[in-house]
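Please keep the sequence and the structure in view while following it.

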Amino acid sequence: MKQARRWWWIVAAALLFGPAVPSAHAKFSAEEIRIGTETAKEIEKGSKLVTDEAILKRVNEIGQEIVRVSPDPTEKYVFKVIEDKDINAFALPGGFVYIYTGLLNAVESDDELAGVIAHEISHAALHHGLKLTKRQKPWDIAQMAVVLAGALANKDTSSGAYALSVLNTAKLNGYTVELEKEADAAGLKMITQSKYNPVGMLTFMERLDRSESRTGASVVELGIFRTHPYTPDRARALRAGLNNANIEINRRLTTRSIQAIAESVKIRDVEAAVVKIDGGVFVTLAPSEGAPALERARSVAEAVNRSLLANLRFQEVTASAAAPVIQGRGITLAELTDADAALVNKTPADAARSAASQLKDTLWREYLRTHS
Ligand SMILES: [Zn+2]
């Protein structure tokens with residue numbers, strides 16, 4: 001508490017006597033760097049920083065790749081990782097970017113992490129810290145500093161609660177959403193020029209949105225302020241941005257999403273195998289013409305996974321009427337034998353039809369998850 005209070009006032013004083021806001025593409029001002037450096041020092045006193053080299057290397061490499069495509073690649077950014085299970089990240093004025101370990105555990109690809117980092121770099125590059133203060137009265141600025149301090153890595157519940165209550169004013173919320181969207185748009189633009197897939201920004205946002213609606217509470221926050229993140233709205237804006245840039249939205253390239261896996265299984269003394277998708281059994285296979293069942297299952301799983309990565313849609317899954325064959329977008333995913341069908345007590349045609357509908361259902365559920 002004591003420590004948190006001390007650095008609120010460093011931030012407050014810095015913001016109160018701060019300079020005019022620089023234009024969008026101007027370099028960090030000396031003032032911004034000073035505020036950032038001082039605040040960073042205070043944050044690091046109260047946080048456990050990660051020293052694991054592999055983690056820091058990953059974050060730094062992704063960070064520097066985004067800096068390379070940022071409005072001013074000569075600007076210096078520092079990336080650090082804070083040991084904290086919250087799904088959070090923030091940027092201080094002057095290019096200090098902090099990522100929580102909780103966020104590293106929540107992203108499902110480097111593309112998603114790059115999306116978060118691009119958003120944070122945008123806050124810094126667009127001088128959002130100072131922009132926020134410019135339109136506020138001095139009293140609001142002091143409050144804002146409290147909010148900023150309370151929002152960042154602060155474990156003290158009383159000050160955290162106060163910060164949240166301040167944020168609950170409509171005025172601050174409205175203001176924050178505007179800047180969040182600005183950072184999303186700028187981040188998306190940058191990442192489109194980087195080596196990362198910009199769809200990662202969207203898939204991460206959509207997952208935050210889902211975990212939020214599941215719990216019914218704002219449990220995850222992203223950005224320089226711990227506010228309600230307005231993810232449905234932001235996800236919609238990102239989808240529109242990707243469409244406008246003619247980027248195909250293939251979520252399977254940036255998420256762990258659904259995958260086919262082959263497993264051995266013994267059915268009535270037969271060394272059989274199954275291909276599972278999303279936990280459910282897609283096909284059950286027997287050995288055939290000298291090929292062990294598991295080998296057949298592996299090649300089916302590979303075919304399915306290739307099709308999934310090519311963005312296979314549920315409407316494209318069919319069971320052929322002529323032969324017990326399951327196809328995706330006209331490509332054969334699995335061909336069933338009489339012995340396969342016997343394992344599940346079905347005719348080959350029925351076994352193929354039920355496999356096709358199993359896969360269709362899985363893809364349909366995935367579609368619903370991502371199109372709320
Ligand atoms: Zn943000």
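**Questions on a predicted model**

Reader: How many helices and strands does the secondary structure of the chain come to?
Author: The model discussed here is predicted. The chain has 372 residues, of which 41% count as buried. Its secondary structure comes to 14 helices and nine strands.

Reader: In what order do the three strands of the open sheet lie?
Author: The edge strands, each pairing on one side only, are β1 (78-82) and β2 (89-92). Neighbouring strands of the sheet are turned by 20 degrees against each other on average, with direction ignored. The pairing in this sheet is mixed, and the order is β1-β3-β2.

Reader: How far apart are the end C-alpha atoms of α2, and what span should its residues have?
Author: Helix α2 covers residues 30-45, which makes 16 residues. At 1.5 Å a residue they should span 22 Å. The computed distance between the end C-alpha atoms agrees with this, at 23 Å.

Reader: Within what arc do the buried residues of α2 fall, seen down its axis?
Author: The buried residues of α2 are Glu-32, Ile-35, Gly-36, Thr-39, Ala-40 and Ile-43. An α-helix has 3.6 residues a turn, so residues three or four places apart point the same way. The buried residues of α2 line one face of the helix, because they fall within an arc of 130 degrees.

Reader: Which exposed residues does the face of α2 turned away from its buried side carry?
Author: The buried side includes Ile-35 and Thr-39. The face turned away from that side carries Ala-30, Lys-41 and Lys-45.

Reader: How many residues of α5 are buried?
Author: Helix α5 (residues 110-125) reaches 21 Å from its first C-alpha to its last, close to the 22 Å expected. Just after α5, His-127 takes a positive phi of about 60 degrees. The helix itself is mostly covered, and the buried residues number 15 of its 16.

Reader: Is Ser-122 buried or exposed?
Author: Ser-122 lies in helix α5. Leaving aside neighbours within four places in sequence, Ser-122 is in contact with Ala-183, Ala-186 and Gly-187. A residue counts as buried if 20 or more other C-beta atoms lie within 10 Å of its own. Ser-122 has 26 such atoms within 10 Å and is therefore buried.

Reader: How far apart in space are Ser-122 and Ala-183, C-alpha to C-alpha?
Author: In sequence, Ser-122 and Ala-183 are 61 residues apart. In space, C-alpha to C-alpha, the distance between them is 5.1 Å.

Reader: Which residue in the hairpin of β8 and β9 takes a positive phi?
Author: Strands β8 (residues 325-328) and β9 (residues 331-335) run antiparallel and are joined by four bridges. Gln-327 stands opposite Thr-332 in β9. The hairpin has two residues between the strands, and the positive phi, near 50 degrees, belongs to Arg-329.

Reader: Is Asp-269 buried or exposed?
Author: Asp-269 is found in the loop between β4 (260-267) and β5 (270-277). Although it is not a glycine, Asp-269 has a positive phi of about 70 degrees. With 6 other C-beta atoms within 10 Å, Asp-269 is exposed.

Terms used:
Residues numbered from 1 in each chain as written. Predicted model: local features only at pLDDT ≥ 70, side-chain atom pairs only at ≥ 80, totals over all residues. Pairing = 2+ DSSP bridges. Axes fitted to C-alpha atoms, helices over the stretch in contact; angles between N-to-C directions. Expected span 1.5 Å × (residues − 1). Buried ≥ 20, exposed ≤ 12 C-beta atoms within 10 Å, placed from the backbone. Arc of directions from axis to C-beta. Contact = placed C-beta atoms within 7 Å.
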